[in-house]
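Open the model in your viewer and keep the selection tool at hand. The stops below say what to select next and what is there.

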Amino acid sequence: MTMEFTDRVSRVEPSATLAISALATELEAEGADVVDLSVGEPDFPTPENIVKAGKDAMDAGHTGYTTSAGILELREAIADKLADDGLDHNADEIIVTPGAKQALYEIVQALVGEGDEVVLLDPAWVSYEAMVKMAGGDLTRVDLSDSEFQLEPALDDLGAAVSDETELLIVNSPSNPTGAVYSDAALEGVRDLAVEHDITVISDEIYKEITYGVEPTSLGTLEGMADRTVTVNGFSKAYSMTGWRLGYFAGPEELIDQAGKLHSHSVSSAVNFVQHAGLEALETEDAVTEMVEAFEERRDLVVDLLDDHGVDVAVPEGAFYMMLPVAEDDQAWCEGAIEDAHVATVPGSAFGTPGYARISYAASEERLEEGIERLAEEGYL
């Protein structure tokens, strides 16, 4: 039997980050010592109080379905958290999802149709492109590599890219893969363009709690953006809960109604006891602060190590990634790095920016030092 697959699936590639991670796992299974700098998750355990809350919720019988949008207590707590960020959403304007990735998927499916234009800021997280293609949308990309990955110097380029035909713009600050945090002036420029051309904007804020000396602004707080911004966040990064799969999005009620249809017919709801763990997570500050301080120290270490080898990088202000300038064929560079040096990184071309590799510094200082040294010894720096 020969199966025929749909265009929406055939037009996308598997996740490059997960593919590299799988290759690293395969090499490790063969006995190799791989320094994995490709991973997009904290190397810290989930804080004990959050784990206990999840266990207590199971013991209390919270193992069945919840309402599709999520338990009311969690949505109210998320609304309070968003209010602290300056965003005005009630519980009915929030959907809790199995991870922020599912939130993004539902939003794109609800807003993007065949031939609709979606604008990305490159480098852009790998799954944005796939989600848009699966929805039938067309991509227009704005390259930020010439401005050290900052948006403000590239606002003219963004202005030239958008039009009245643009359906959606995706903004991710702090950014994966660059760690860039966009300035208020940059976000105001986005606001002006979005209002002028009547564009809906996704503000992906999954790394909002992981910043170093800067306070990121939520796009939806700007005048004129409340009714055209969909804010996405989750628990994976800030609370080291990647495997728990818990995220959420907040937006205008009409979007929540439409995206809620997809949500109810696909995942039904986020896991019940995980939502109760999420309630506890929103009250957890000390563990987040300690983790962010450790990431900042690691960032500084990697920047210094690279500088010792004559490599200059744009210093991240958030998240736990940086973009390393490499050979023009970044795919070959990354493949060689993992084969020769046993150091796993992700090609910049996967994010729309060839000539770079993404490094994650969500690893111990010892392993970061080992990884950089191996790359240098094998001639990759």
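A salt bridge here is a side-chain nitrogen of Lys or Arg within 4 Å of a carboxyl oxygen of Asp or Glu. This is a predicted model, in which local features need pLDDT of at least 70 and side-chain atom pairs count only at pLDDT 80 or more, while totals for chains, interfaces and linings use all residues. Residues are numbered from 1 along each chain as its sequence is written, and side-chain values use heavy atoms, with hydrogens and water left out.

**Stop 1: charged pairs**

Select Asp33, Arg367, Glu370 and Arg374, which are linked in a network of salt bridges. Within that group, zoom in on Arg374 and Glu370, whose closest N and O atoms are 2.8 Å apart. Both belong to helix H13, four residues apart, or about one turn of the helix. Helices (H or I, at least four residues) and strands (E, at least two) are DSSP runs, numbered from the N terminus. Is Arg374 buried or exposed? Arg374 counts as buried because its relative accessibility is 11%, whereas Glu370 is partly exposed at 33%. The cut-offs are under 20% relative accessible area for buried and over 50% for exposed, with partly exposed in between (1.4 Å probe, protein chains only).

Next, select Lys52 and Asp56 in helix H3 (residues 48-59), again four residues apart. Their side chains meet in a salt bridge of 2.7 Å, N to O. Lys52 is exposed, with a relative accessible area of 51%, and Asp56 is partly exposed at 37%. Side chains of opposite charge can pair when their charged atoms come close. How many salt bridges does this rule give? The count comes to 16.

**Stop 2: helix H11**

Select residues 286-308, which make up helix H11. The helix has 23 residues and reaches 33 Å from its first C-alpha to its last, close to the 33 Å expected at 1.5 Å a residue; the expected span is 1.5 Å times one less than the number of residues. Show the side chains of its buried residues, among them Val288, Met291, Phe295, Leu301 and Leu305. What covers these buried residues? The cover includes strand E9 (321-325) and helix H13 (365-377).

Arg299 counts as buried at 10% relative accessibility, and Glu296 as partly exposed at 29%. After the helix comes Gly310, whose phi is positive, near 75°.

**Stop 3: the nonpolar cores**

A nonpolar core is a set of buried Ala, Val, Leu, Ile, Met, Phe, Trp, Tyr and Cys residues joined through side-chain atoms within 4.5 Å. Select Phe235, Tyr239, Phe249, Phe320 and Trp333, the residues with the most contacts inside the largest core, which has 87 residues. Helix H11 gives the most to this core, with nine residues. A second, separate core of 28 residues includes Val142, Leu169, Leu222 and Met323.

Now center on Phe249 and list its contacts (heavy atoms within 4.5 Å). Leaving out residues up to four places away in sequence, Phe249 touches residues including Ile94, Ile107, Val230, Val232 and Ile256.

**Stop 4**

Which bond joins Asp122 and Pro123? The bond is a cis peptide, with omega about 0°. Pro123 lies in the loop between strand E3 (117-122) and H6. Then select Ser173 and Pro174, also joined by a cis peptide bond, with omega about -5°. Pro174 is in the loop between E5 and H8.

Asn176 is found in the loop between strand E5 (166-172) and helix H8 (184-197). Asn176 counts as buried because its relative accessible area is 5%. Its contacts include Pro123, Trp125, Tyr207 and Arg358.

**Stop 5: positive phi**

Most residues other than glycine have a negative phi, and most peptide bonds are trans. Select Glu148, where phi is near 55°; Glu148 sits in the loop between strand E4 (138-143) and helix H7 (155-161) and is exposed at 55% relative accessibility. Finish with Arg245, whose phi is also positive, near 55°. Arg245 lies in the loop between strand E7 (229-234) and strand E8 (247-250), and at 34% relative accessible area Arg245 is partly exposed.
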